[in-house]
Amino acid sequence: MSRLNVVMMESPDRQGDRTGLADDGAARLDASAERSALALYSINALADMVIWADPDGRYVFVNEAATRLLGYSAEEFSQLRVCDVDPDVDEAYWYRHWEELKRVGVIKIESTNTNKSGQAVPIEITAHYVRFGGREYNCAIVRDISERKMTEARMEALHQEIYRLSITDGLTEISNRRHFDMVLAKEVQRHAQSGEPLSLILLDVDHFKAFNDYHGHIAGDDCLRQVAQAIDAAMRKPVDLAARYGGEEFVCILPCTPPEEARDIAEAIRTAIAALAIPHDLSPEAGIVTASLGVVTAIGGPSISAQSLLSCADALLYGAKLAGRNRVEADEL
């Protein structure tokens, strides 16, 4: 029998398997490339900055948001360190931050970046400790929070204004009774602890009802505003407080003020009010708007109360009126 040369031919099904494997491999490569491209596209499409830095704070990678928001090119970033861009970060701070990041893994902080034009940009940083390719990195998502900070500043200003209005007398624009009561309670407590003298002035515009009835409420309101400003101007220390007590009555809190100085301040107030020379045809004593004042100084310690101070000042004020008005009466507790 002749020898047969047998050629082993692959079946069509086997050939299809090999072709399929090649196609699958290519598909996997294509899918991997597509995922890589999508990942890079996503990083550059983010509104937030993505920044990789090495352990010395040198920029290793930044996305397009970083170049857009801070104005540096990727090449310029590669020549910079975090401390060149963040005015809140120096060498010592960076290395403390790096050690803390290695210890905890993730840190979220607020800071500031300075863009290429020199403008400050408030930022929120979420930093991650990452090991990649045998090297260590600080991988951070950095968000521009300028709008948030402006909103916070507006809200804070609004809260401050609401608070100011809540403690201010609407007519005279000095402190109101509510604020006076709070401050006096604190000062009485501080006096009890420190033993420093605490003085109080209570004053009343003389014959104000007659003035208001004769000249009208508009003139009466203007009179009270002028008197209030004269009282407020007589305060000598930042801790001194002038307030409208009610109606035509005013009160002053003078922390750490001895009797002689308190009486001098009261006399200065009396003189300043008279110097306004507001005509008062129904004032039998002066013919102008004047005030009577009672001054009390707490010299003692813990037994002094806000009510005892007010009661004493009120009695002294009443005594000034009985003695002829437009005068100061003073005493100590």
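**Exercises on core packing and aromatic pairs**

The model is predicted, so local features need pLDDT of at least 70 and side-chain atom pairs count only at pLDDT 80 or more, while totals for chains, interfaces and linings use all residues. Residues are numbered from 1 along each chain as its sequence is written, and side-chain values use heavy atoms, with hydrogens and water left out.

**Exercise 1.** Classify the aromatic pair formed by F208 and F211.

*Solution.* Start with the rule: rings of Phe, Tyr and Trp (its six-membered ring) pair if their centres lie within 6.5 Å, and planes under 30 degrees apart count as stacked, over 60 as edge-to-face and the rest as tilted. For F208 and F211 the centres are 6.1 Å apart with 20° between the planes, and the pair is stacked. Next, place the residues: both lie in helix α8, three residues apart, about one turn of the helix. Finally, F211 is buried, with a relative accessible area of 3%.

**Exercise 2.** Determine the geometry of the pair F180 and Y245, and locate its two residues in the chain.

*Solution.* The ring centres of F180 and Y245 are 5.7 Å apart and the planes stand at 85°, so the pair is edge-to-face. F180 belongs to helix α7 (residues 177–194) and Y245 to strand β7 (residues 241–246), so that the pair links distant parts of the chain, 65 residues apart. Both F180 and Y245 are buried.

**Exercise 3.** Describe the largest nonpolar core and the elements that build it.

*Solution.* A nonpolar core is a set of buried Ala, Val, Leu, Ile, Met, Phe, Trp, Tyr and Cys residues joined through side-chain atoms within 4.5 Å. The largest has 30 residues, and those with the most contacts inside it are I201, L203, I231, F250, I269 and I273. Two or more residues come from each of β6 (198–205), α8 (208–215), α9 (217–233), β8 (249–255), α10 (259–275) and β9 (291–298). Of these, α9 gives the most, with six residues.

**Exercise 4.** Characterise the packing of α9 against α10.

*Solution.* The two helices pack at an angle of about 145°, with their axes 9 Å apart. Contact, meaning heavy atoms within 4.5 Å, is made by V227, A230 and I231 of α9 and I269, A272 and I273 of α10. These residues divide into six nonpolar, no polar and no charged.

Conventions: Buried means under 20% relative accessible area, exposed over 50%, partly exposed in between (1.4 Å probe, protein chains only). Helices (H or I, at least four residues) and strands (E, at least two) are DSSP runs, numbered from the N terminus. Axes are lines fitted to C-alpha atoms, for helices over the stretch in contact, and angles run from 0 to 180 degrees between N-to-C directions. Ala, Val, Leu, Ile, Met, Phe, Trp, Tyr, Cys and Pro count as nonpolar, Asp, Glu, Lys and Arg as charged, and the others, Gly among them, as polar.
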